[in-house]
Amino acid sequence: MTTLAQPVAEPRARLRDLLAAEWIKLWSLRSTPWSFVISALAVIAFNAGAAYDHYRYWPQFGAVHQAEFIRNGLALWDAFTGNAGMVLMLCAGAIGALTVVSEYSTGMIRTTFAAVPARRSVMAAKVVVVTAVTTVFGAVVAAVSFGLTQAILSGRDAGLSISHPGALRLVVASALLAPLSALVGMAVGAVIRHSATTMVAHVVILLLLPMAFSDDRHWSAVIAHTLPYQAWTRLTQFGDHQAAYPWTITGAWIVYAVWALAAAVLAVTSVHRRDQ
């Protein structure tokens, strides 16, 4: 009597295999390295341009203003400007969003989930890879921006070292702004799953929404203080800052952590029990 062979269950995908797969998928796109390079150059250019303006027009400031600039450590404003912060958020958020929506737009996500039915494990691996890559990206951009801007200003004896009060916090906060924005972009992409709508939504959440609220009124200040851009602004402030409704450095770090964790959880859980 012939016996039928029992089907052999396939082994479950290991996390390191999923991480390797997501790493390959991320860098297999030609646009990935170009996106990082162009984004980095844009951010650094904004910061270097601000520092060069101060260097170029330094003789026109006058002795009093020059002394105040050096004494108050205003060179930190050039280390990472507000425009550079917005560009970094826009670019990192777009990169994070595209890692999700690109698979949905091409239909590759069906193949991925067919090979690995554990959808949340797939998304968790994607979150880990994107977070790691954008953290390194943010650290490089922030460090190069700080070093370059202070080197430019050192030509006028106005540059600062990383040991200056507030300098290290500015660099770290600016570096972590990249993975935070990428995670928000991923979460939006995992929920919406359409490229154009996702891009619009992530710009509204990260850049336009903070402009709708200010520190002039209590209710508006409370909402503003819960947003990533406002948290970054608070972390990069230095010296005496007068505000109608001030908040703490610790509170800004908490906003960073809550947004990153919530975005990661949303990105991972949104694919469960939903059609591709």
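A residue counts as buried when its relative accessible area is under 20%, as exposed when it is over 50%, and as partly exposed in between (1.4 Å probe, protein chains only). Lys25, with a relative accessible area of 17%, is therefore buried.

The model is predicted: local features need pLDDT of at least 70, side-chain atom pairs count only at pLDDT 80 or more, and totals for chains, interfaces and linings use all residues. Residues are numbered from 1 along each chain as its sequence is written, and side-chain values use heavy atoms, with hydrogens and water left out.

Start with the whole chain. The secondary structure comes to 13 helices and zero strands. Here helices (H or I, at least four residues) and strands (E, at least two) are DSSP runs, numbered from the N terminus. The C-alpha trace spans about 100 × 40 × 30 Å along its principal axes. Of the 276 residues, 45% count as buried.

Next come the charged contacts. The structure holds four salt bridges. Each one is a side-chain nitrogen of Lys or Arg within 4 Å of a carboxyl oxygen of Asp or Glu. Glu22, Lys25, Glu103 and Lys126 are linked in a network of such bridges.

Take helix 1 as the way in. Glu22 and Lys25 meet through their side chains, at 2.9 Å from N to O. Both sit in helix 1 (residues 15-28), three residues apart, so about one helical turn separates them. Glu22 is buried, at a relative accessible area of 6%.

Lys126 and Glu22 are both buried. Lys25, in turn, forms a salt bridge with Glu103, where the closest N and O atoms are 3.2 Å apart. Glu103 lies in helix 6 (residues 82-106) and Lys25 in helix 1, so the pair ties together parts that are 78 residues apart in sequence. Glu103 is buried, as is Lys25.

Now move to helix 9. This element covers residues 167-192, 26 residues in total. From first C-alpha to last, helix 9 reaches 38 Å, close to the 38 Å expected at 1.5 Å a residue. The expected span is 1.5 Å times one less than the number of residues. Helix 9 is largely enclosed by the rest of the structure, because 20 of its 26 residues are buried.

Helix 9 also bends. The angle is about 25 degrees at Leu177, and Pro179 follows within four residues. The bend is the angle between axes fitted to the seven residues ending at a residue and the seven starting there. Ser174 is found in helix 9 too. Its relative accessible area is 0%, so Ser174 is buried. A polar atom of the Ser174 side chain lies 2.8 Å from the backbone oxygen of Leu170. After helix 9 comes Arg193, whose phi is positive, near 70 degrees.

Trp34, Val37, Ile38 and Leu41 make a nonpolar patch of about 460 Å². Val37 has its place in helix 2 (residues 31-56). At 41% relative accessibility, Val37 counts as partly exposed. Patches are made of residues with over 30% relative accessible area and no salt bridge; like charges are joined within 9 Å, nonpolar side chains (Val, Leu, Ile, Met, Phe, Trp, Tyr) within 5 Å. Accessible areas come from the Shrake-Rupley method with a 1.4 Å probe, and for residues, only the protein chains shown count as cover.

Methods:
Polar contact = N/O pair within 3.5 Å; in protein donor to acceptor, adjacent residues only side chain to side chain.
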